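Subject: Structure handover

Hello,

Here is the structure for your files. My notes on it follow below.

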Amino acid sequence: MMAPDSSGGVTCACKGIRRCLICEKFKVKGQLEASEPKVVHHFLYNPETRLAICKDAEAASFPFPGVFLWENFISEEEERALISTMDQDVWNQSQSGRRKQDFGPKVNFKKRKVRVGGFSGLPALSQKLVLRMQQEPSLAGFQPVEQCNLDYHPQRGSAIDPHLDDSWLWGERLVTINMLSNTTLTMSLEQGLPELGIGGEVRVAVHLPRRSLVVLYGEARHRWKHAIHREDVHERRVCSTYRELSAEFLPGGQQAELGAQLLNIALSFQGTPI
């Protein structure tokens, strides 16, 4: 359901079960999903030990691989320049109270089809950031083919529901730069961790400081869903997420030729939002 504005237009882009503070005003109580009580075990990620530590000490800590956090990845000056440049471009309405800017190919994930469309490359200011990323051993050889900028604001009730990113087109590492405010990335596993004797949903909170970079790979990329909950957006937050190609689109893969074309466009760093 989309919320109408006073002129009969649309003021949010929520569809299906997605919602934000804007469209919730227009939904009757029966349309808002009732949240049933369930058992949830809360853990906090420690980036130094790379352990998930139980908040209430009811369960033992456990190793949480697949997360790399780089604090102060960008400077205050770089953050100002990035946000200023983004705000000069159009922000498009997205679901759950977000706004977005896309720099990437046109993709139909259901039909597994990719085309260049209006893709003209990643934005110019990302070039030095990508070079900096590649200096980190865990990001060696990282060549992003897509960048998505997302704008969150508490007044819109912005959030992103628990999800796994596609792994047909997008590769092993998901890289995000967090800007303008601190937030929390919530990793979740609905089926729990029976191998550790933990039943019910497990959530691991990963604190993201302002101007930090976070990488998800391995189990954190493919097994654990990730989300930004509404209650963890306290001020305006902007993030840029970079994605690389999967093996199918790299040399030796079935669609290597298309992958090479997309990378050539992406790494020209002459892009404008689609």
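Lys225 is partly exposed, at a relative accessible area of 29%. For these labels, buried means under 20% relative accessible area, exposed means over 50%, and partly exposed is in between (1.4 Å probe, protein chains only). Lys225 forms a salt bridge with Glu190, with the closest N and O atoms 4.0 Å apart. A salt bridge here is a side-chain nitrogen of Lys or Arg within 4 Å of a carboxyl oxygen of Asp or Glu. Glu190 sits in the loop between strand 12 (183-189) and strand 13 (201-208), and Lys225 in strand 15, so the pair ties together parts that are 35 residues apart in sequence. Helices (H or I, at least four residues) and strands (E, at least two) are DSSP runs, numbered from the N terminus. Glu190 is exposed, at 52% relative accessibility.

Two ground rules before the rest. This is a predicted model: local features need pLDDT of at least 70, side-chain atom pairs count only at pLDDT 80 or more, and totals for chains, interfaces and linings use all residues. Residues are numbered from 1 along each chain as its sequence is written, and side-chain values use heavy atoms, with hydrogens and water left out.

Salt bridges

The count comes to 18 salt bridges. One network of them links Asp87, Arg99, Asp151, Arg156 and Arg236. Within it, Arg156 meets Asp151 at 2.6 Å, N to O. Arg156 is buried, at 16% relative accessible area. Asp151 is buried too, at 1%. Arg236 also bridges to Asp151, with the closest N and O atoms 2.6 Å apart. Arg236 lies in the loop between strand 15 (225-228) and strand 16, and Asp151 in strand 9 (residues 144-152), so this pair ties together parts that are 85 residues apart in sequence. Arg236 is partly exposed, at 22%.

An open sheet of 7 strands runs in the order 4-14-11-16-9-6-5, with antiparallel pairing. Strand 4 (67-70) and strand 5 (92-93) stand at its edges with a single partner strand each, so one side of each has no neighbour in the sheet. Two strands pair if DSSP finds at least two bridges between them. Strand 5 and strand 6 (residues 99-103) pair in the antiparallel sense over 2 bridges. Gln93 stands opposite Arg99 in strand 6.

Nonpolar cores

A nonpolar core is a set of buried Ala, Val, Leu, Ile, Met, Phe, Trp, Tyr and Cys residues joined through side-chain atoms within 4.5 Å. The largest has 37 residues. Met133, Val175, Ile177, Met179, Leu213 and Tyr242 have the most contacts inside it. Elements that each supply at least two of its residues include helix 2 (76-88), strand 11 (170-179) and helix 5 (256-266). Helix 5 gives the largest share, 5 residues. Apart from this core lies another, of 30 residues, among them Phe43, Leu69, Tyr152 and Trp224.

The largest pocket

A pocket is an open set of points on a 1 Å grid over the protein atoms alone, where a 1.4 Å probe fits, with protein on both sides within 12 Å along at least five of seven lines; lining residues have an atom within 4 Å of a point. The largest pocket is lined by 42 residues. Arg98, Lys100, Cys148, Ile160 and Arg243 lie nearest its centre.

Best wishes
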